[in-house]
Amino acid sequence: MGKNAVVIGRSNIVGLPISLLLQRHHATVTIVHAFTKNPEQIAREADIVVTAAGVPNLVRGNWLKPGAAVIDVGTFPVEDPSCENGYRLIGDVCYEEASKVASAITPVPGGVGPMTIAMLLSNTLDSAKRAYDFT
């Protein structure tokens, strides 16, 4: 309530729904997209930054206000021969830089993804209960 939030990315899957959710909880929301001028400056004013741009390491530590909360929804595979699959996942946020500035940050992988899976399973179970009148 009362926080300044910046959502980087305006997709129908993440950007738009998260901006509406933040507004519902009385945050002031700014959406940054590919044609936004000075995205770094806009992000630097935010208490909450949510990224879903699909651009690896787009958001650097100097984009963030000290103490900001950062939610990185982006996932991008990069080649890494040292990994079992030959690649590793990184997000829209440069974790190494941002973790020195932010008060809280979601890692990639292991941040938003497991929560998404948990909620999908919960919603599936709720739907099945309704479909079969099971309580």
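Asn 57 is partly exposed, with 27% relative accessible area (buried is under 20%, exposed over 50%, partly exposed in between, using a 1.4 Å probe and protein chains only). Asn 57 sits in the loop between β3 and β4, and its phi is near 55°, a positive value in a residue other than glycine.

A quick word on ground rules. This is a predicted model, where local features need pLDDT of at least 70, side-chain atom pairs count only at pLDDT 80 or more, and totals for chains, interfaces and linings use all residues. Residues are numbered from 1 along each chain as its sequence is written, and side-chain values use heavy atoms, with hydrogens and water left out.

Most residues other than glycine have a negative phi, and most peptide bonds are trans. Asp 133 also has a positive phi, about 50°, although it is not a glycine. Asp 133 is found in the segment after α4 and counts as exposed, at 72% relative accessibility. Then there's the bond between Val 108 and Pro 109, which is cis, with omega about -5°. Pro 109 belongs to the loop between β7 and α4 (112–131).

**The sheet**

Now for the core layout. Five strands make an open sheet with parallel pairing, in the order β2-β1-β3-β4-β7. The edges are β2 (28–32) and β7 (104–105), each pairing on one side only. Helices (H or I, at least four residues) and strands (E, at least two) are DSSP runs numbered from the N terminus, and two strands pair if DSSP finds at least two bridges between them.

Strand β1 (residues 4–8) pairs with β2 over five bridges and with β3 over four. Val 6 has a bridge partner on each of these strands: Thr 30 in β2 and Val 49 in β3. β3 in turn pairs with β4 (residues 69–72) over four parallel bridges.

Which residues of β3 are buried on its two faces? Ile 48 and Val 50 are buried on one side, and Val 49 and Thr 51 on the other. Helix α1 (residues 15–24) lies across β1, β2 and β3 (48–51), running at about 170° to β1 (axes are lines fitted to C-alpha atoms, for helices over the stretch in contact, and angles run from 0 to 180 degrees between N-to-C directions).

Thr 51 has a relative accessible area of 1%, so it counts as buried. Thr 51 stands opposite Asp 72 in β4. Leaving aside neighbours within four places in sequence, its contacts (heavy atoms within 4.5 Å) include Ile 8, Val 59, Asp 72 and Asp 92.

**The pockets**

A pocket here is an open set of points on a 1 Å grid over the protein atoms alone, where a 1.4 Å probe fits, with protein on both sides within 12 Å along at least five of seven lines; lining residues have an atom within 4 Å of a point.

| Pocket | Volume | Lining by class |
|---|---|---|
| Largest | about 270 Å³ | twelve nonpolar, one polar, one charged |

Volume is the space filled by probe spheres set on the points, which are joined across faces, edges and corners. Ala, Val, Leu, Ile, Met, Phe, Trp, Tyr, Cys and Pro count as nonpolar, Asp, Glu, Lys and Arg as charged, and the others, Gly among them, as polar.

The largest pocket has 14 lining residues, with Val 14, Pro 17, Ile 18, Leu 21 and Leu 22 nearest its centre. The elements giving two or more residues to that lining are α1 and β3, and α1 gives the most, with six. The second largest pocket's lining includes Thr 106, Gly 111, Met 115 and Asn 123.
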